[in-house]
Amino acid sequence: MDFAIKFAFDILAFTSVMVLIVLGLGVIASMMGIFNFAHGELVLLGAYTVYLCDEYGLGAWSGVIAAPIVVGLVGLVLERTIIKRFYAVPIIAMLGTYAIGLVIREIVRGLLGGHYKSIPEPISGSFSAGGLDFSIWRSFVIVTTMVVIAGSWLLLSRTSVGLRVRGALENPMLARACGISTARLYALTFAFGAALAGLAGALIVPLYQLSADIGIRFLVQAFLSVMLGGVGTFEGPVLGAVAVGAMAAGLPWVVIPVLADPLVFVIALAVVRLRPQGFITVGRL
Amino acid sequence: MSETDRTRGITRRHFLNGAGALTAAGWIAGFTGGWVLRPRWAHAAGPIKMGIATDITGAIAPSGNANWQVAQFAVEQINTAGGILGQPIELHLEDTASDPKIAVGNVRKLIQERKVDVVLGGITSAMRQAIKDPIVNRGRTLYIYPQLYEGQECTKFLFNTGPSPAQQCDRLIPYIMKTLGKKRFAMPSANYVWPQLLNKYARKVIEANGGEVVFEEYYPLDQAEYSATISKIKDGKVDCVFNTVIPPGLQPFVKQLYESGFQKNGGVLSCVYYDENLLNYHPAAEMEGLISCLDYFQAVDDPFSKTLQQGYAKKFPDTKYLFTAGSASTGMYRGVKFYEEAVKATGGKLGREEVAAALDHAVLKEGPGGGAAMVPGHYHAKMNMYIAVCKSEGGKTRYDVIDKADMVDPREC
Amino acid sequence: MDVPTTRAAAQARKVRGSNKLRFRVLPIVEVVTFLLLLAAPFILAERTALVTLMTNIVILSVFAISFDLCWGFSGIMSFGQALFFGAAGYVVALVGRDLDFSQLLGTLPLAVLVGGLLSAALAAFLLLGRKTPTSIFLAFGTLTGAYAAERLVSGWQYVGAGNGLSSIKLMAFGSFEFVEGPAFYFVALAALVVVYAGSRVLVRSQFGLVLAGMRQNEERLAFFGYRVQMFKAVMFILAGMIAGLSGALYSYHQGFTGPGNLGPGLSTTAVIYCLFGGSGTLIGPVLGTGAIELLSYVLADTDAIRQFWPVILGLVLLVVVMFQPTGLLGLIVSARERIGSFGLRRQAR
């Protein structure tokens, strides 16, 4: 019983980070119809920002706060200069964003010198509850994710900006006809998605190691989550992330760990094939 | 289609194509011409070419860079003393990038382009397996492998100057079991050949001494979640973790093990490749009590070793790549010096067969941690082995040597 | 003789006339390239390292062609071509290790078969079935396939797990064993010529005409009654077979194969080779591979550039995708010639 709680807690921490990543990706996919293959590298950038802050003595905390801002800005710049050309042709968007991701990844790899870096947790140690030890940082991750999700949901459903975003999500043509500047909304949405990815990277990096390759793994898992959960809604990708996260953490119990890894992807892919629109469907893809 | 159109078309496009072809041909000709002219690659008797193939980038970079620096240090010492029988050693470096795929291509460059006389390098067993074929078989070159490993490498022309499982486990495990009283072992391992064969050997020693291996598990190299493992350790009442997880999965594992309170409850973490370099990659608290068995620790009180360290520190002041045993640096030093001895014995001849024959019984009177001697016919070397425990004080870690064994037999091949 | 009887017919004739190929550049490019490739080992005689480089270029060109068949001719963005490349590489390594067999007349066809079977399985899963997959799903499915395969192989001890398989038994013909050098080069070149000739005949045939129609407008072609997904599947399988052949040759040549040969990384490299050279023309990928590998070799010795070479490659891909989608060849080959001409035309009388 003890163990089950601890286990659930660890899965929850991992899944929270997945949810942050997937949320960003899903919002971009739903609104602009393009899949951002550079999303994993935006996570990497967030992690790298924390590393930089730590290296230069500013402390990991400032890194965690700076990461979403920095990566959000990067996302904004990317969107305004490169990505907006791709909206008409999603396939080329894939290639283009993949290229951007490749560039970012290799730049970071060059800067890191190919090394793996460890970053200390901003709040280390653990606290006891009910006789079990829980890592403080993991708790912080979970709490932050919940706050962000709640905040985003409130933003979408209660504010006028959120109303415009939802409108553009459901029917961009009509939104434009109503005078909503979709170009600006797209830029904002992309920046928002990027900021979320940056935050996720900053939160996860004390737990895993920083290396140039952490992006790809998150990318594939994030994509599967979005496709599983369905494009076009807020809840869909979140549900997808939970499903993929639980599978990734739970399968090693059922099959040997080395088989579990690829199995997650195969199963998820099969499910998407059978139900291409995902769990919850509304909207374009 | 009119005649004039056609001729105009031919001229322009034809020209472009012709120009392209000519440039390509000229470029290729330039290559061949350039290299034949440069004197460095002249085939006349010149310096002894030593190739170093090690991981300058990637997960194993901390060890690889240490190797490269130690090689430079050792070669500089030899060259300052006049080289080997008057011939200087010329070092050629290729980065194996902790990636066997890239390594194969780069090592081939050492052999085919630089035409080195010997290659020293490779750290992980995966790397050794990948590059030994291009070096020894296809490249017909001598290969010296400097790192501690799982044994059973008995390839002709491949000499091992790092410790074997017998040298590491034969004293360490009985020490843990008898002196520290730990009998229940867990073997969390990286999924590749070194942990698998090392565990097999370690298991024999554990069971021969009356201990029990509670579980033995293999993970992908970049595994980051170890909750299942930690819980198995707790449930199985494991008191000694014989760890063979390597970076990048290493740091999360050690952190999660520490956070679970394993050491607090009296558990012992043992890892046979842990040296001073690796201590720096963890917070001090997580390292307290870690026990390791290597051919050298900086704490070893030996005048020659101390001189070596001073010389190394002078050449590379404030470097973060320390001259330690777990990173294969001691093996690299030994390898360079063994090669020097062998070439002296052949009278300066660099042919593979002659040098190998001389290398087979090369002896070093002095080295880090003591001398070493190749066991003839067995491709491995006898060396001193030390057991050390990590102590942390004020956020800093160090090793305390608690046992020494002289000229231990590798018992391989 | 056809005398234009109406003004409309006359105008139509004029338009058709201006569409006619003024001058075919591609055949010249092809001939020059193959002549150079044929002459290379003789020019490079002593420099074994360069012959090795050229052999790699030839083998990887075959791989790039397999991607071109998918994307340039059938519109399938395959991010996972390396899956077939790597799998075939592993199979020949295993056959060499466990069955002690490496006769090229046996193992190369085996590699083709392995590539074909795997791609057939993937095609059946991704392409066929009641619901037509979106192109995004297809692309992503191939990426996931390659990624999952890489993870699987990284953990499977029998195939060497993360270490990969090394000391691969040398490819043999009778009692002659192929090491790096001119002999191997010519085997690889022969493979390239066969694959190239075969592909060229295919895409210039009536089958190729259907593919051209698919590139223009899939939906319309489907309405004509063509089973578009079947055509795509066939091309995908063909490309898989070709990728398998090149994978086996690469394995034998390098003497080493690892999980990296299966994954998205190598697949993307094929994409870059092909797009850079010019997709949709079979010689484009060959040129692209040659250009990039040569540049990489030359720049590899300069320390400053070496670390950032992959960044440069990524930028190249980005620039190509954004500004010059037709690649290098697009600079000299006209759009009309890219469409090509197709086999014996049956004139309507």
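**Exercise 1. In which sense do strands β1 and β3 of chain B pair, and over how many bridges?**

Step 1. Find the two strands: β1 covers residues 48–54 of chain B and β3 covers residues 118–121 of chain B. Helices (H or I, at least four residues) and strands (E, at least two) are DSSP runs, numbered from the N terminus.

Step 2. Check the pairing. Two strands pair if DSSP finds at least two bridges between them. Here β1(B) and β3(B) have four bridges, in the parallel sense.

Step 3. Pick out one position: Gly51(B) has Val119(B) of β3(B) opposite.

A note before you go on: this is a predicted model, in which local features need pLDDT of at least 70 and side-chain atom pairs count only at pLDDT 80 or more, while totals for chains, interfaces and linings use all residues. Residues are numbered from 1 along each chain as its sequence is written, chains are lettered from A and ligands numbered from 1 in the order in which they are written, and side-chain values use heavy atoms, with hydrogens and water left out.

**Exercise 2. What is the strand order of the open sheet of five strands in chain B, and which strands are at its edges?**

Step 1. Read the order in chain B: β2-β1-β3-β4-β5, with parallel pairing.

Step 2. Look for strands that pair on one side only; these are β2 (89–95) and β5 (158–160) of chain B.

Step 3. Now place a helix: α12 (residues 329–345) of chain B lies across β1, β3 and β4 (142–145) of chain B, at about 160 degrees to β1(B). Axes are lines fitted to C-alpha atoms, for helices over the stretch in contact, and angles run from 0 to 180 degrees between N-to-C directions. Contact means heavy atoms within 4.5 Å.

Step 4. Do likewise for helix α13 (residues 352–359) of chain B, which lies across β4 and β5 of chain B and runs at about 35 degrees to β4(B).

**Exercise 3. Which cysteines form a disulfide?**

Step 1. Recall the idea: a disulfide is a covalent bond between the sulfur atoms of two cysteines. The cut-off used is a pair of cysteine sulfur atoms within 2.5 Å.

Step 2. Apply the cut-off: the sulfur atoms of Cys154(B) and Cys413(B) are 2.0 Å apart, and the two residues form a disulfide. Over all chains, the structure holds one disulfide.

Step 3. Locate the ends. Cys154(B) sits in the loop between β4 and β5 of chain B, and Cys413(B) in the segment after β14 (396–408) of chain B, 259 residues apart.

**Exercise 4. Is Ser199(C) buried or exposed?**

Step 1. Find Ser199(C) in helix α7 (residues 182–203) of chain C.

Step 2. At 5%, Ser199(C) is buried.

Step 3. List its touching residues, not counting those up to four places away in sequence: Ile65(C), Leu69(C), Ile242(C) and Leu282(C).

**Exercise 5. How many bridges join β13(B) and β14(B)?**

Step 1. Count them: 10 bridges, in the antiparallel sense.

Step 2. Find a pair: Met383(B) has Val408(B) in β14(B) as its bridge partner.

Step 3. Inspect the hairpin, where two residues lie between the strands and Gly394(B) takes a positive phi near 60 degrees.

Definitions and conventions. Buried means under 20% relative accessible area, exposed over 50%, partly exposed in between (1.4 Å probe, protein chains only).
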